[in-house]
Amino acid sequence: LHDWGLLGFLVQDVIGAEQEESFGIRQNHSMELRDWHDLITKHFDEHEFELFVPQRGWGEKLTKAAARKIDKYGSEWVGARLLGGTLAAICKKPGEPVEIDPNKPFETRMQCPDCRAKVRLDDEAAIVCTSCEYRAPNEGGVYNLLRSVDKKELYPGDRDDLIDFSVPGHETKLGEGWFDVEGVYGNRYRWIGAAATATLGNLRGGPQRLRIRGHAHENLFAAGPAPALRVWANGDLAGEWKLDRTGLFVLEADLPEAPAYDLRIEAAPTWQISTDARTFSVTLSMIRLVPPA
């Protein structure tokens with residue numbers, strides 16, 4: 001079917017898309033050409049498109065040729081809407097170009113992302129604001145000039161409302177039931193058995209949403225009944241979920257306002273392997289509080 005150019009007419013989505021979306025990765029496979037056009041025209045004053053429509057086999061070649069005849073301009077627009085493809089665009093933001101003196105220091109071309117004031121370099125070659133306390137260190141020749149509020153969300157570090165198993169110090173918020181850290185940086189995790197406990201602090205105040213990221217091994221599904229996870233917060237049942245496939249998962253539950261949350265995570269069934277004395281259920285890589293939806 002692929003060689004004939006017919007596979008694209010039958011498939012529902014790319015392999016792995018559903019699993020990635022359930023893990024919290026936003027996909028754009030369902031965005032149509034009109035959606036891309038609306039997005040680009042929303043943020044740019046001028047743009048030029050070039051469309052690359054696939055021609056894999058006679059099925060797509062015939063469809064593309066027919067679509068070009070249907071299109072009143074003889075363009076690839078109709079074909080791209082029918083078959084998908086690749087969109088290349090050159091876009092221009094509003095405003096007039098500013099002439100830049102190449103002899104001036106590069107930091108003079110920037111401004112503070114928090115208060116829009118001028119910036120300078122300090123003794124450690126970090127970019128610092130001349131008005132507020134904003135600071136962006138030189139990290140391998142790269143400066144991260146995100147707003148402080150965005151940087152705190154994307155790179156939170158070790159804080160009371162987050163347990164990131166890749167961040168040193170996270171173990172201070174763990175209780176019983178956790179095995180040693182495994183994996184590589186950026187993807188570290190811990191196995192649990194039948195249950196594990198942890199504590200999170202409420203830094204924002206108000207009701208919170210609990211988010212748990214983990215992975216279900218195929219042995220979990222071979223161990224017995226349908227795998228399930230149950231989470232308790234301050235002694236109350238926060239949520240219960242059934243797992244229907246192996247791989248990554250993200251669980252969320254709304255929590256009432258409290259200064260802190262003592263969590264108990266239960267998983268079943270458990271399983272073992274002959275070369276290890278431990279009893280396993282799932283791995284967990286992040287537990288955090290986020291604002292409720």
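Below is a short chat about a predicted model.

User: What should I know about the model and the numbering before we start?
Analyst: The model is predicted: local features need pLDDT of at least 70, side-chain atom pairs count only at pLDDT 80 or more, and totals for chains, interfaces and linings use all residues. Residues are numbered from 1 along each chain as its sequence is written, and side-chain values use heavy atoms, with hydrogens and water left out.

User: Which residues make the nonpolar surface patch?
Analyst: L1, W4, L7, F9, L10, V11, W58 and L62 make the patch, about 860 Å². Patch residues have over 30% relative accessible area and no salt bridge, and nonpolar side chains (Val, Leu, Ile, Met, Phe, Trp, Tyr) are joined within 5 Å. A salt bridge is a side-chain nitrogen of Lys or Arg within 4 Å of a carboxyl oxygen of Asp or Glu. Areas come from the Shrake-Rupley method with a 1.4 Å probe.

User: Is L62 buried or exposed?
Analyst: Exposed, with a relative accessible area of 57%. Buried means under 20%, exposed over 50%, partly exposed in between. L62 is found in helix 3, residues 57–70. Helices (H or I, at least four residues) and strands (E, at least two) are DSSP runs, numbered from the N terminus.

User: Switching to helix 2. Which of its residues are buried?
Analyst: L33, H37 and I40, in a helix that spans residues 33–43. Seen down the axis of helix 2, they fall within an arc of 70°, so they line one face. The arc is that of the directions from the helix axis to the C-beta atoms.

User: What covers them?
Analyst: The cover includes strand 1 (46–52), helix 4 (77–83) and strand 2 (86–92).

User: Where is K173?
Analyst: K173 is in the loop between strand 6 (162–164) and strand 7 (178–184). K173 is buried, at 10% relative accessible area.

User: What is K173 in contact with?
Analyst: Leaving aside neighbours within four places in sequence, K173 contacts D158, R159, D160, L162, I163, A198 and T199. Contact means heavy atoms within 4.5 Å.

User: How many aromatic pairs are there?
Analyst: The structure holds 6. One of them is F165 and W178, tilted, 5.5 Å centre to centre with 45° between the planes. Rings of Phe, Tyr and Trp (its six-membered ring) pair if their centres lie within 6.5 Å; planes under 30 degrees apart count as stacked, over 60 as edge-to-face and the rest as tilted.

User: Are those two buried or exposed?
Analyst: F165 is buried at 1% relative accessible area, and W178 is buried at 14%.

User: Which residues form the aromatic cluster?
Analyst: F179, W191, W271 and F280.

Notes:
Patches are made of residues with over 30% relative accessible area and no salt bridge: like charges are joined within 9 Å, nonpolar side chains (Val, Leu, Ile, Met, Phe, Trp, Tyr) within 5 Å. Buried means under 20% relative accessible area, exposed over 50%, partly exposed in between (1.4 Å probe, protein chains only).
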